[in-house]
Amino acid sequence: MNLFKTKFNAATIVLIPACIGINYLGKMFASLLKLPLWLDSIGTCIGGCLGGPVIGAICGAANNLIYGFTAGDNITLIYALTSLGIGVAAGIMARLGFMKSFPKALLTAVVAGLVAVLISTPLNVIFWGGTTGNVWGDMVFAATQAAGMPVLLGSLLDEIVVDVPDKIITLIVVFFVLKGLPKKLTALYDANAKVERLD
Amino acid sequence: MKSISLYVDNGSWLCRVHPFTKLAYIVTAISVPLIGGTLWLFAAFIALSLAVLASGHLLRRVTPLVAFSFTILITIFLIHGLFNQNNQTPLFQIGPLRFYQEGLLYALRIGCNVLNMLFSFAILVLSTKPSELVEELEKRGFSRRIGYIIISVFQIVPQMMGTMSTITDAQRSRGMETEGNLLTRAKAFLPLISPVVMSALINTRERAVALEVRGFAAKQKKTYLADRTPHRGDKPITIALLALIVLAAGWRIAQCL
């Protein structure tokens with residue numbers, strides 16, 4: 001089984017905008033319900049799980065680039081790298097079979113969260129001086145700075161506090177959605193599926 | 001249906017300028033202050049962007065964009081002004097809070113960078129139709145598949161928002177609480193999002209079939225419906241902008257020598 005094998009047919013091309021739309025909805029619901037998390041990578045993870053790491057990467061990067069360039073939210077632009085990493089992580093974990101049961105899905109969530117933390121932290125330090133713009137995370141950052149810890153460590157803790165719970169909830173949603181999808185739909189994206197000919 | 005794009009055709013000159021010219025402006029506005037490395041260059045480009053926005057009658061529509069990032073900027077000023085590692089010189093004191101010069105300068109630099117990016121992007125975002133930008137990119141050899149992805153996001157999102165409000169109403173009428181303490185709101189998230197996500201994914205199947213029937217995968221060269229008249233400022237402005245970047249790079253190198 002090839003980890004990065006990807007189908008590029010009309011079905012996967014259509015999947016990408018749907019996933020980007022789902023990301024947008026997640027973010028909207030999170031702000032509607034005033035949840036202190038982002039929840040804006042549900043679509044990216046679905047794309048990664050269904051289409052593989054390459055589709056996940058495209059979903060993530062395209063998501064941030066499109067909203068950055070057209071919806072005026074150019075702060076998200078620099079986090080395109082983070083989204084790309086999340087998509088790849090979710091895709092690889094799903095291909096390795098880590099989305100088959102609930103406990104394994106939680107492990108996927110932790111991996112995706114840590115990937116997001118590792119990529120976001122340097123970006124936070126370069127562009128924002130370490131803050132993330134999330135209330136809880138920034139309180140942690142302020143506390144570490146007041147205690148005299150280095151900016152990088154403070155920013156890392158700031159990200160972990162927000163990103164890991166965020167990805168856990170995201171992948172719980174993804175797990176239940178994927179379980180409910182009909183087989184005739186998921187078969188469209190399966191790059192390792194074999195077509196049996198009857199003639 | 002509400003579009004997620006912020007573009008409105010107000011008939012100003014900015015809407016007629018080629019999208020690539022605006023892209024060149026973004027590149028210049030972001031790179032020149034970073035290459036030059038001084039604070040007044042940021043201020044100069046922020047002022048220039050504001051002047052361009054004003055001449056295109058877009059100034060009022062920038063306000064919500066700025067308001068959004070303002071809270072983040074304020075946290076940066078507070079955290080670095082109070083707790084930055086290099087803080088030495090106290091500047092002023094409000095009650096028990098003592099602000100330091102080094103942290104505030106650092107925060108000022110970040111704030112200027114963010115505002116500069118925000119305003120230069122606002123010029124493109126507020127005055128360019130997304131489909132027009134994609135079409136111009138495709139004419140220069142940009143992948144049609146990626147072009148389709150970008151354009152269809154703008155069609156899918158308003159549709160999904162429609163489904164989302166239907167489902168929110170449906171779940172509320174069944175007695176689900178969407179307000180209250182954090183636990184109640186968090187519990188509402190899953191029953192709200194999963195039906196929308198499911199229907200969105202199931203719709204993709206039909207969409208894919210429809211696309212294939214219309215020859216999406218065909219290799220023939222396609223023609224374009226709209227032909228745009230170039231603005232006479234396009235070429236001189238782009239050349240001037242690129243010259244500015246070269247100039248800034250030259251100035252910085254000369255300074256280092």
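Which residues of chain A does UniProt list for "transmembrane region"? The unreviewed entry lists residues 6–25, 37–63, 75–94 and 106–129 of chain A; UniProt positions are given in the numbering used here, feature names are shortened, and annotations may be inferred rather than shown by experiment.

## Basis of the model

This is a predicted model, in which local features need pLDDT of at least 70, side-chain atom pairs count only at pLDDT 80 or more, and totals for chains, interfaces and linings use all residues. Residues are numbered from 1 along each chain as its sequence is written, and chains are lettered from A and ligands numbered from 1 in the order in which they are written.

## Chain A

Chain A contains eight helices and zero strands; helices (H or I, at least four residues) and strands (E, at least two) are DSSP runs, numbered from the N terminus. Its C-alpha trace spans about 75 × 35 × 30 Å along the principal axes.

Of the 199 residues, 59% count as buried. A residue is buried if 20 or more other C-beta atoms, placed from the backbone, lie within 10 Å of its own, exposed if 12 or fewer, and partly exposed in between. Among the contacts in chain A with a separation of 6 or more, 68% join residues 24 or more positions apart; a contact requires C-beta atoms, placed from the backbone, within 7 Å.

Residues 37–63 of chain A are 78% helix and 0% strand, and the end C-alpha atoms lie 18 Å apart. For residues 106–129 of chain A, the corresponding values are 96% helix, 0% strand and 31 Å.

## Surroundings of Asn23(A)

Asn23(A) is placed in helix α1 of chain A. The residue is buried because 31 other C-beta atoms lie within 10 Å. Leaving aside neighbours within four places in sequence, Asn23(A) contacts Asp40(A), Ser41(A), Ile42(A), Gly43(A), Thr44(A) and Asn63(A). Asn23(A) and Ile42(A), 19 residues apart in sequence, have C-alpha atoms 5.5 Å apart.

## Contact between the chains

Chain A contributes 44 residues to the contact and chain B contributes 54 residues. On the side of chain A that touches chain B, α1 (10–32), α3 (53–70), α6 (135–146) and α7 (151–180) each supply at least two residues. The largest share, 15 residues, comes from α1(A). By class, this side has 32 nonpolar, ten polar and two charged residues. Ala, Val, Leu, Ile, Met, Phe, Trp, Tyr, Cys and Pro count as nonpolar, Asp, Glu, Lys and Arg as charged, and the others, Gly among them, as polar.

## Nonpolar cores and chain B

A nonpolar core is a set of buried Ala, Val, Leu, Ile, Met, Phe, Trp, Tyr and Cys residues joined through C-beta atoms within 7 Å. In the largest, of 103 residues, Ile16(A), Val174(A) and Ala122(B) touch the most other members. The largest share of this core, 14 residues, comes from α1(A). The core also draws at least three residues from each of domain 1 (13–128 + 228–256) and domain 2 (135–213) of chain B. Apart from it lies another core of ten residues, including Trp128(A), Phe141(A), Tyr100(B) and Leu104(B).

The bounds of these domains come from an automatic or database domain assignment. Taken over C-alpha atoms, the centres of domain 1 and domain 2 of chain B are 33 Å apart.

Technical notes:
Two residues are in contact if their C-beta atoms, placed from the backbone, lie within 7 Å.
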